[in-house]
Amino acid sequence: MNILSKTNCKIERCYIIPRRIMYSVSTSDMMISLLNTANSFRAVDKQRNVGDDTYQTWYKIVGDLASGAHPLVVLHGGPGVSHEYMTPLTDIHDKCNIPKPKEFWTVDLFMDELDNLLVHLGVQNGFALLGHSWGAMLGAHYASHRHPVGLRHLVLTGGAPTGQLLNALPADVREKIEKHEKEGTTDSPEYQQMMGIFYEKHVCKTPWPKVMETSFAAMMQNPTVYHTMIGPSEFTITGTLKSWSCLDQIHTITTPTLLTNGVFDEAQDVCVSPCFHRIPHVKWAQFSQRPMPFLEEDQARYFQVVADFLTYP
C-alpha cells in the first residue's frame, strides 16, 4: 500500500484513532441510511415534490451526535445500490420499489438531500464526508460546487470508473458484452455471466460478503436509478451521468482530501491522477489487493488510513 502526499510524495505510517459517529447515505431507494445502534430509521423533515408525488430521504446513525466529535457522513456507490455493503465501515466508529420519473434522478437531487440531512441533524457546521464509487463522484461534485463551510475532511474511495477495463478482458468475454449491449439484451443470462467475470476482477471477489449481496440484490430488484443515471453498465454509459465531470471545478476544493483506489479497482490511476494533481490539499493511498478495501483483504489497513486521516487538523 502506498500513500502519496501532495507536498512530499513519500510513504507515510498510519495509526488508528477512534472516530465516534458515522452516517451512510443511501439514495438508491431514496433512503439516506445512517448506521445506527438503535436500528431505527428516521425521515428527513424536508420533502421533495416531483409532479404529484412527494418523497422523503431516510437515514440511520451510529454513535452519539452530542459527543462533540465531527460526524463522518458516508456516501455509498451505485447509483441505485443500497447502503448495506458499506456497513463494515462502522469499524471506523468503533476505532476512533416506487418508480420515479427520469427527471427526478439528478446530481442536484443527491446534493440537495445531503444538505437536507446535514441541516436536519444539525451537523452542517462540522462534518467529514466519505464516498465510494458513485458516492465518491458525488462527494467530489458536492465539495467542488457547493463548497460546504462545515466540511472538515473529504475521503474519495474508488470514484469514476474507466472504460479502458473492458479492453483488458479476454476477447471472447469482451465480444459477448459488446454484442448484448448493442442488441439490448443485457438481461440475458450470458451477459450477466460475462459481467460476473468483470465483477470478480474489478469489483469484489466471490463469494461476495452478505452485505454486498444485499446491496446489489436491491439494485437488481429495482434498477431504475442505475439504468437512468448510468445505463446497462459502466461500459455503456447512456444515462444522465454520461457527460458528468467536475474536473474543471475540483481545484476549488479547499478541504483536506484523501483519495484511495486499488490496483484492480474500476477507478484506475488514470481516473484518480487528475484529482491528485488538481486538489490543493490531497493525499493518495493505493491498496495492492482487491478494489473494495473496506470489505476485503486490505480492510484493516484501509480503516487505519482513513481513521488517521480523519484526525488531521
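Predicted model: local features only at pLDDT ≥ 70, side-chain atom pairs only at ≥ 80, totals over all residues.

Reader: Noted. How many helices and strands does the chain come to?

Author: The secondary structure comes to 9 helices and 11 strands. The chain has 313 residues, of which 51% count as buried, and its accessible surface is about 13,800 Å², with 51% of that belonging to carbon and sulfur atoms.

Reader: And inside, which residues of the largest nonpolar core touch the most other members?

Author: Those are Leu 129 and Leu 130, in a core of 76 residues. The element that gives the most to this core is helix α2, residues 107–121, with 8 residues.

Reader: What does Leu 130 touch, if we leave out residues up to four places away in sequence?

Author: On that basis Leu 130 touches Leu 72, Val 73, Val 74 and Leu 75, as well as Met 86, Leu 89, Val 155, Tyr 302 and Val 306.

Reader: Back to α2, then. At what angle do the axes of α2 and α3 cross?

Author: They cross at roughly 75 degrees, and the two axes come within 10 Å. An angle of 65 to 115 degrees counts as roughly perpendicular, so α2 is described as roughly perpendicular to α3.

Reader: Which residues meet there?

Author: From α2 there are Val 107, Phe 110, Met 111, Leu 114, Asp 115 and Leu 118, and from α3 there are Trp 134, Leu 138, His 141 and Tyr 142. Sorted by class, the contact of α2 with α3 has 8 nonpolar, 1 polar and 1 charged residues.

Reader: Take Leu 114 on its own; is it buried or exposed?

Author: Leu 114, which lies in helix α2, is buried, because its relative accessible area is 1% and the cut-off for buried is under 20%. Its C-alpha atom is separated by 10.0 Å from that of Leu 138, a residue 24 places away along the chain.

Reader: And on the α3 side, what about Ser 144: buried or exposed?

Author: Ser 144, in helix α3, is buried, with a relative accessible area of 0%. If neighbours within four places in sequence are left aside, Ser 144 is in contact with Cys 246, Gln 249, Ile 250, Thr 252 and Ile 253. For Ser 144 and Gln 249, the separation is 105 residues in sequence and 5.5 Å in space, taken C-alpha to C-alpha.

Reader: Changing topic, I'd like to look at α4. Is Lys 182 buried or exposed?

Author: Lys 182 is found in helix α4, residues 171–183, and it counts as exposed because its relative accessibility is 78%, where the cut-off for exposed is over 50%. Between Lys 182 and Thr 236 there are 9.4 Å from C-alpha to C-alpha, with the two residues 54 apart in sequence.

Reader: What about Glu 175, buried or exposed?

Author: Glu 175 also lies in helix α4 and counts as exposed, at 51% relative accessibility. The C-alpha atoms of Glu 175 and Met 194 are separated by 9.8 Å, the residues being 19 apart along the chain.

Reader: And Thr 228, where is it found?

Author: Thr 228 is found in helix α7, residues 224–229, and it is buried, with a relative accessible area of 12%. Not counting residues up to four places away in sequence, Thr 228 touches Lys 102, Trp 105, Gly 239 and Thr 240.

Reader: Last topic, the backbone. Which residues does a cis peptide bond join?

Author: A cis peptide bond joins Gly 78 and Pro 79, with omega at about -10 degrees. Pro 79 belongs to the loop between β7 (72–75) and α1 (90–95). As background, most peptide bonds are trans, and most residues other than glycine have a negative phi.

Reader: On phi, then, what is the value for Ser 133?

Author: Phi of Ser 133 is near 60 degrees, which is positive in a residue other than glycine. Ser 133 sits in the loop between β8 (127–132) and α3 (134–145) and is buried, with a relative accessible area of 18%.

Reader: And His 147, what is its phi?

Author: His 147 has a positive phi of about 45 degrees, although it is not a glycine. His 147 lies in the loop between α3 and β9 (151–157), and it is partly exposed, with a relative accessible area of 38%.

Definitions and conventions:
Residues numbered from 1 in each chain as written. Heavy atoms only, no water. Helix = DSSP H or I, 4+ residues; strand = E, 2+ residues; numbered from the N terminus. Buried < 20%, exposed > 50% of the residue type's maximum accessible area, 1.4 Å probe, protein only. Areas by Shrake-Rupley, 256 points an atom, 1.4 Å probe, with all protein chains shown as cover. Core = buried A, V, L, I, M, F, W, Y, C linked by side-chain atoms within 4.5 Å. Contact = heavy atoms within 4.5 Å. Axes fitted to C-alpha atoms, helices over the stretch in contact; angles between N-to-C directions. Parallel < 35°, antiparallel > 145°, perpendicular 65-115°, else oblique. Nonpolar A, V, L, I, M, F, W, Y, C, P; charged D, E, K, R; others polar.
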